[in-house]
Amino acid sequence: MVVTSVVEKRLGALPVAAEFLRRLDVAGIVDEVCPGGASAHLTHGQVIEALVVNRLTSPAPLVRVGDWARTWAVEEVFGIEPALLNDDRLARALDAIAPELDRIAGTVGARAIAEFGIDVSRLHWDMTSMSVHGAFPAEDQDEQYPVIGYGRPKDRRVDLKQVQTGLAVSADGGIPVHARVFDGGAAEVSQVVGAMKDLQGMAGAREFLMVADSKLVSYTNVAALLAAGVDFIAPVPAAQVKDEVYAALDLAQAQAVDWVAERDVDKPAAERESYRVLEDVHTMAGRRKRDPVHRVRRILVHSTAVAAGQRRAREKRLARAGEEMDKLAGAAGGRHYGTHQKITARIGVIAAKRHVTSCLRWTITGGEGEPAALQWHFDPDVLAAEAAVDGWWALLTSIPAEQAGPDQILVHYKGQGAVERRYHDFKGPLAVAPVFVQHNRRVAALIQVICLALSSSA
């Protein structure tokens with residue numbers, strides 16, 4: 001009798017991941033940037049590749065990566081013994097790459113562009129936050145690395161500290177080409193210029209268009225982009241365009257945009273979201289008198305879906321406020337609302353809570369010895385003025401008009417959904433959040449590893 005021992009291991013996407021990592025030369029880049037990590041068994045580059053592959057196949061905490069390697073064909077494909085991938089070795093590799101994250105990210109991004117011929121003529125940039133479990137007191141953190149702290153979390157977990165990351169993806173295919181890690185409390189508006197410089201260095205002599213969210217639109221950022229010769233597109237913050245501007249627009253004169261959202265492709269034409277655009281000039285002045293005034297193109301966009309959403313929201317606010325005002329009117333003069341002061345105080349609460357202060361009109365009658373009475377209505381002129389601006393928003397761009405019309409500017413901006421989808425992958429299948437790592441240095445390094453995994457998965 002011959003007894004044969006059979007060991008089964010999962011192969012999955014390991015060969016594909018190995019080929020991509022080979023072409024990107026992730027291990028070689030890490031070992032060149034972080035020399036001196038070689039031991040009798042593994043280099044830092046090999047460890048980082050193993051972490052990347054783990055995220056692509058079956059994400060596991062650092063203490064479980066060795067178990068993952070034993071059940072997957074990691075040794076057969078990558079030549080790495082599972083026992084070597086213990087949490088201590090993984091932590092030392094993260095410590096080694098932490099001081100060089102920007103160099104690694106830039107070098108790998110440039111390699112990907114050259115190796116796979118990625119079109120970087122239009123790059124979409126955005127930032128997101130990741131909640132981090134643990135106390136992470138400030139005195140225990142290394143200020144040379146992104147500091148974990150409270151900020152404005154995208155997941156609204158204000159009870160947790162966070163760290164942030166910025167991601168740039170190509171317009172064609174949403175391929176991540178660059179990523180950076182930031183402090184938890186870093187203001188997004190302050191990171192745009194640094195991101196632009198990173199992308200310039202990665203793109204080399206290639207010209208590119210930078211598309212971002214409204215955090216790009218500040219005088220400092222716009223001035224830096226114009227000085228660097230980098231074209232941009234970004235939505236204007238709502239506070240920078242007065243409602244009077246939108247109210248004065250003639251929708252009938254606006255140009256229809258030949259573009260259909262992916263979610264509307266299968267809908268009848270009448271049910272699809274439609275866009276119209278107009279164009280004027282947006283003026284930006286610095287704080288100092290000697291600062292030059294910049295004038296850039298402003299694309300005024302009307303969306304039927306946005307208009308419908310704003311109309312529904314207003315109707316809902318008015319309905320709820322109306323119910324509460326009717327109830328108050330019925331109680332006016334009674335035990336709880338017998339005086340003008342009590343009625344007025346309650347009206348203030350209703351108006352603030354339902355956001356109807358601008359349109360709510362009311363009078364209280366009844367004097368000494370007479371029960372108070374309340375009459376109220378919504379000002380139709382104010383409501384008509386609000387309805388006139390429904391659906392309008394604006395984009396700023398430095399692209400010359402002869403290169404792209406206002407409709408093309410909107411279509412370019414609509415590609416911003418690509419980076420948002422990558423963040424969905426970032427926090428979903430690749431399991432970046434929540435983060436359980438002991439030191440902010442390792443948190444930053446681990447997030448950069450996951451960014452590399454995201455690039456490989458694209």
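How many helices and strands are there in the protein? The protein has 16 helices and 11 strands, these being DSSP runs (H or I of at least four residues for helices, E of at least two for strands) numbered from the N terminus.

This is a predicted model, in which local features need pLDDT of at least 70 and side-chain atom pairs count only at pLDDT 80 or more, while totals for chains, interfaces and linings use all residues. Residues are numbered from 1 along each chain as its sequence is written, and side-chain values use heavy atoms, with hydrogens and water left out.

**Figure 1. Overall view of the protein.** Taken along the principal axes, the C-alpha atoms fill a box of roughly 105 × 60 × 55 Å. Of the 458 residues, 47% count as buried (under 20% relative accessible area, with exposed over 50% and partly exposed in between; 1.4 Å probe, protein chains only). Among contacts (heavy atoms within 4.5 Å) between residues at least 6 apart in sequence, 69% join residues at least 24 apart.

**Figure 2. Crossing of helices H1 and H3.** Two packed helices are described by the angle between their axes and the distance between the axes. The axes of H1 (residues 14–24) and H3 (residues 44–57) come within 10 Å and cross at roughly 135°; axes are lines fitted to C-alpha atoms, for helices over the stretch in contact, and angles run from 0 to 180 degrees between N-to-C directions. H1 and H3 are therefore oblique to each other (angles under 35 degrees count as roughly parallel, over 145 as roughly antiparallel, 65 to 115 as roughly perpendicular and the rest as oblique). Leu14, Ala17 and Leu21 of H1 meet Glu49, Val52, Val53, Leu56 and Thr57 of H3. By class, this contact has 6 nonpolar, 1 polar and 1 charged residues (Ala, Val, Leu, Ile, Met, Phe, Trp, Tyr, Cys and Pro count as nonpolar, Asp, Glu, Lys and Arg as charged, and the others, Gly among them, as polar).

**Figure 3. Crossing of helices H2 and H3.** The axes of H2 (residues 26–33) and H3 come within 7 Å and cross at roughly 135°, so H2 and H3 are oblique to each other. H2 passes H3 in a right-handed crossing. The contact is formed by Val26, Ala27, Val30 and Asp31 of H2 with His44, Gly45, Gln46, Ile48 and Glu49 of H3. These residues divide into 4 nonpolar, 3 polar and 2 charged.

**Figure 4. Nonpolar cores.** A nonpolar core is a set of buried Ala, Val, Leu, Ile, Met, Phe, Trp, Tyr and Cys residues joined through side-chain atoms within 4.5 Å. In the largest core, of 101 residues, Ile48, Leu94, Ile97 and Met210 touch the most other members. Helix H16 (residues 440–457) gives the most to this core, with 11 residues. Not counting residues up to four places away in sequence, Ile97 touches Val30, Cys34, Ile48, Ile104, Ala445 and Val449. A second, separate core of 18 residues includes Leu328, Cys359, Ala372 and Val382.

**Figure 5. Surroundings of His294.** His294 lies in strand S8 (residues 294–303) and is buried, with a relative accessible area of 16%. Residues up to four places away in sequence aside, His294 touches Tyr219, Ala223, Leu226, His282, Thr283 and Met284.

**Figure 6. Loop residue Asp25.** Asp25 is placed in the loop between H1 and H2. Its phi is near 55°, a positive value in a residue other than glycine. Asp25 is partly exposed, with a relative accessible area of 32%.

Methods. Left-handed = near helix turned anticlockwise from the far one by under 90°.
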